[in-house]
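Hi,

Here is the structure we talked about. Please open it and keep it beside this email as you read.

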Number of protein chains: 2
Amino acid sequence: MGDTKVELVIVGSIGIDTIETPFERREDVLGGSISYACAAASFYAPTGMVGVVGTDFPEEYRELYSHFGIDLEGLQAAEGKTFRWSGVYEDDMINRRTLSTDLNVFADFTPDLPDSYTDAPYVLLGNISPELQEHVLDQVKSPRFVVADTMDLWISMSRPALEKVISRVNMLMLNDSEVRMLTGEYNLVKCADAVLSMGPEYVVVKKGEHGAMLVSREGVFILPAFPIDLVVDPTGAGDSFAGAFMGAMAKADSLADADVRRCLLEASTVASFAVEGFGLDIMKGLDAAKIEARRDSLARMMAV
Amino acid sequence: MGDTKVELVIVGSIGIDTIETPFERREDVLGGSISYACAAASFYAPTGMVGVVGTDFPEEYRELYSHFGIDLEGLQAAEGKTFRWSGVYEDDMINRRTLSTDLNVFADFTPDLPDSYTDAPYVLLGNISPELQEHVLDQVKSPRFVVADTMDLWISMSRPALEKVISRVNMLMLNDSEVRMLTGEYNLVKCADAVLSMGPEYVVVKKGEHGAMLVSREGVFILPAFPIDLVVDPTGAGDSFAGAFMGAMAKADSLADADVRRCLLEASTVASFAVEGFGLDIMKGLDAAKIEARRDSLARMMAV
């Protein structure tokens with residue numbers, strides 16, 4: 001750690017999850033947006049994690065972060081328990097109910113960046129309150145490309161702060177139901193246009209198993225999800241998508257439309273692996289060759 | 001009519017529809033699967049329509065068929081009223097409720113082909129009972145490529161006959177909920193594999209606004225829908241898709257994987273126009289240049 005300069009900073013939540021699907025129930029799964037996002041990004045670029053864990057955070061999970069090569073200088077350890085979440089997926093493996101949320105140390109989290117992170121050119125503001133997202137924005141000196149994720153909670157509870165963050169980032173990334181809620185439009189083309197009018201140059205609408213859509217002044221890019229035959233746990237798919245995208249962006253270091261599209265292809269590929277197991281189970285066995293093979297396969301599925 | 005040899009035969013229903021969307025209600029709209037499918041196919045290849053209308057069928061609608069250049073030798077006129085359907089779309093413009101169905105002359109329809117149609121190399125079995133689909137199959141001499149569409153009604157009510165038809169066609173085309181019902185699988189990759197094990201070399205799963213997926217032994221092709229900003233009436237989207245696909249196949253006259261993919265791109269393009277108006281409102285103003293421009297635009301949205 002510290003030997004390689006961090007090119008991508010990712011801020012968000014770290015949690016210990018209990019997840020129930022129609023097929024299986026798993027306790028104490030390493031989760032939270034930045035566990036997925038940093039792991040996914042780590043395949044592409046030196047990534048720094050900004051988050052908080054409690055004193056109960058298992059050493060094996062910290063070692064897992066290191067296994068991915070994630071820089072942990074920005075990882076805070078606070079007195080108390082780590083954030084915990086539990087939820088149950090319906091039969092469609094898409095809709096889920098939250099059974100419990102215990103914020104614990106996450107309730108008092110302030111994402112202060114180590115000095116070595118403030119020069120990072122790429123920043124991913126994972127799904128935390130827009131006030132904390134803005135606090136991170138205020139610390140980074142001259143980022144080249146900033147992406148913000150968000151969720152329904154902030155859209156309904158912190159809209160003014162969220163709108164301010166949105167106006168300051170290059171790209172907003174959110175799912176179809178969230179963008180409908182944010183913009184008050186139903187049609188996704190209209191939703192995307194409405195987001196662009198709020199400030200960002202890019203919007204990515206994530207559609208789960210149906211892929212994602214990028215809209216910018218360069219036009220529209222429609223990206224499919226890689227069709228997998230067994231979804232084990234959809235938790236973290238969107239975070240893995242965002243992390244792999246930003247890792248690939250940091251690696252490519254280009255805002256050319258063709259490069260942005262290729263980075264989204266990497267994102268879709270890594271996200272498809274993530275849902276084939278619980279937590280980071282599948283990602284921890286991934287390597288560049290496996291990712292490349294599936295990415296090329298996905299590209300062939302899109303070719304006309 | 002009759003001067004140009006029919007290369008594609010399409011059989012299915014003709015109806016007069018009353019359609020209600022959240023925005024508008026329209027009475028006496030020309031509908032039924034083959035109105036959409038033949039109109040869409042007519043942009044590509046000489047198409048013969050096999051269906052039945054009643055004595056009340058408006059002359060202007062017959063003229064509209066001729067405007068598209070559809071061959072009407074296979075169109076039967078029977079004593080009685082034309083098939084009528086009415087339905088109402090929910091706010092999502094996807095789910096709909098049928099308010100009434102009056103089969104009228106369609107109840108006694110037997111799709112007998114004119115002699116001039118029996119040599120046609122391309123056949124689209126639109127959504128009618130599998131018994132009638134098989135009756136058409138028994139009349140065509142040596143078709144090069146046959147596609148069958150179907151729906152939930154036949155899956156639940158006429159499964160043995162449907163399975164027989166499926167085993168005799170080259171491609172089954174159906175939507176996601178139907179293929180799940182047919183195969184008993186939820187995951188669409190597994191659904192597609194199950195269909196291929198029933199006989200066809202190809203299966204196309206239509207996913208509405210999310211596009212479609214082709215699966216064959218050549219692999220998977222994922223096709224997006226063209227993102228339009230105002231869906232006026234989704235009725236007939238799937239039929240327009242199927243018709244344009246088969247018209248383009250008849251024109252290309254090639255089963256090479258790349259050509260099949262390109263024909264699906266045409267299908268997605270024409271279907272996107274169809275839903276921008278009621279009935280054939282938009283399609284009747286289309287020409288090759290407009291289709292080509294949108295098709296190229298869609299291809300750019302898919303490019304990596």
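The charged end of Arg294(A) sits over the ring of Phe273(A), 3.8 Å from the ring centre. Look in chain B too: there the charged end of Arg294(B) sits over the ring of Phe273(B), 3.8 Å from its centre. Keep in mind that this is a predicted model.

Next, the aromatic rings. Two values describe a pair of rings: the distance of the centres and the angle of the planes. Over all chains, the count is 14 aromatic pairs. One of them joins Phe43(A) and Phe68(A). This pair is edge-to-face, with 6.0 Å centre to centre and 90 degrees between the planes. Phe43(A) lies in the loop between α1 and β4 (47–54) of chain A, and Phe68(A) in the loop between α2 (59–67) and β5 (75–78) of chain A, so the pair ties together parts 25 residues apart in sequence. Phe43(A) is partly exposed, at 21% relative accessible area. Phe68(A) is buried, at 8%.

Now find Phe57(A) and Tyr61(A). Their ring centres are 6.1 Å apart and their planes stand at 55 degrees, so this pair is tilted. Phe57(A) is buried, with a relative accessible area of 8%. Tyr61(A) counts as buried too, at 13%. Ring pairs link Phe57(A), Tyr61(A) and Tyr65(A) into a cluster.

On to the cavities. The whole structure has 2 cavities of 30 Å³ or more. By class, the lining of the largest cavity has 7 nonpolar, 2 polar and 2 charged residues.

The second largest cavity has a volume of about 40 Å³. Among its lining residues are Ser33(B), Asn127(B) and Asp239(B). Here α1 (33–41) and α8 (237–252) of chain B each supply at least two residues. This lining divides into 3 nonpolar, 3 polar and 2 charged residues.

Last, the cysteines. How many disulfides are there over all chains? The count is 0. Cys263(A) is in no disulfide, and the nearest cysteine sulfur, in Cys38(A), is 17 Å away. Cys263(A) is buried, at 4% relative accessible area. In chain B, the sulfur of Cys38(B) is 17 Å from the closest cysteine sulfur, in Cys263(B), so the two are too far apart for a bond. Cys38(B) is buried, at 0%.

Best wishes

Technical notes: Residues numbered from 1 in each chain as written. Chains lettered and ligands numbered in written order. Predicted model: local features only at pLDDT ≥ 70, side-chain atom pairs only at ≥ 80, totals over all residues. Heavy atoms only, no water. Disulfide = S-S within 2.5 Å. Buried < 20%, exposed > 50% of the residue type's maximum accessible area, 1.4 Å probe, protein only. 1 Å grid on protein atoms, 1.4 Å probe; cavity = no way out; pocket = protein on both sides within 12 Å on 5 of 7 lines; lining within 4 Å. Points joined across faces, edges and corners; volume = space filled by probe spheres on them. Nonpolar A, V, L, I, M, F, W, Y, C, P; charged D, E, K, R; others polar. Helix = DSSP H or I, 4+ residues; strand = E, 2+ residues; numbered from the N terminus. Phe/Tyr/Trp six-rings, centres within 6.5 Å; stacked < 30°, edge-to-face > 60°. Lys NZ or Arg CZ within 6 Å of the ring centre and 35° of its normal.
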